[in-house]
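Please read it alongside the sequence and the coordinates.

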Amino acid sequence: MDYLKINNVDFSYLVSGLKVGYETLVSDKSGRNAAGNSVIEVINRKRKVYVTLRHTTEAEMRSFLNAVKPFVVNVTVLDPETNALVTINANIGTPEPDYYTIQPNNIIYKPMSLNFIEL
């Protein structure tokens, strides 16, 4: 089952962890009024997708990093709220690949976490 695509390329096979957050955006008018009551004006609701990759090979990491190279990408993810695939336009956190082992013809990376924030 596909549950993580970046620009329509399936990376589900690399995923060891996937979390979807829902951020509610409120206006500057939100806060407390003179009576001390909370006043909230909801503007929008956006998704934030947290992805953790498993240990990856050099080729797998290169492929993933090339997919997230543009600052903004289309991310298709399984949404827990609807249990359906949804596609969002998102910007990307900073990828930080960390070597696990470096040997001739055998480079392995540690699990890496990255987030995608819906625009």
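How many bridges join strand 7 (residues 56–57) to strand 11 (residues 106–109)? Two bridges join these strands, which run antiparallel, and within strand 11 isoleucine 108 is the residue that stands opposite threonine 57. The model is a predicted one, in which local features need pLDDT of at least 70 and side-chain atom pairs count only at pLDDT 80 or more, while totals for chains, interfaces and linings use all residues. Residues are numbered from 1 along each chain as its sequence is written, and side-chain values use heavy atoms, with hydrogens and water left out. Strands (E, at least two residues) are DSSP runs numbered from the N terminus, and two of them pair if DSSP finds at least two bridges between them.

**Strand pairing**

Strand 11 also pairs with strand 10 (residues 99–103), in the antiparallel sense and over four bridges, with isoleucine 107 as the bridge partner of isoleucine 102. In the hairpin of these two strands, which has two residues between them, asparagine 105 takes a positive phi near 60 degrees.

Strand 6 and strand 12 (residues 113–118) run antiparallel and are joined by five bridges, and valine 51 has leucine 114 in strand 12 as its bridge partner.

**Salt bridges**

A search of the whole structure finds seven salt bridges, each defined as a side-chain nitrogen of Lys or Arg within 4 Å of a carboxyl oxygen of Asp or Glu.

| Pair | N to O distance |
|---|---|
| Arginine 45 and glutamate 81 | 2.8 Å |
| Arginine 47 and aspartate 79 | 2.9 Å |
| Aspartate 98 and lysine 110 | 3.7 Å |

Arginine 45 lies in strand 6 and glutamate 81 in the loop between strand 8 (72–79) and strand 9 (84–92), so the pair ties together parts that are 36 residues apart in sequence. Arginine 45 is partly exposed, at a relative accessible area of 43%, where buried means under 20%, exposed over 50% and partly exposed in between (1.4 Å probe, protein chains only).

Arginine 47, found in strand 6 (residues 42–53), counts as buried at 19% relative accessibility, and aspartate 79 is buried as well. Arg47, Asp79 and Glu118 are linked in a network of salt bridges.
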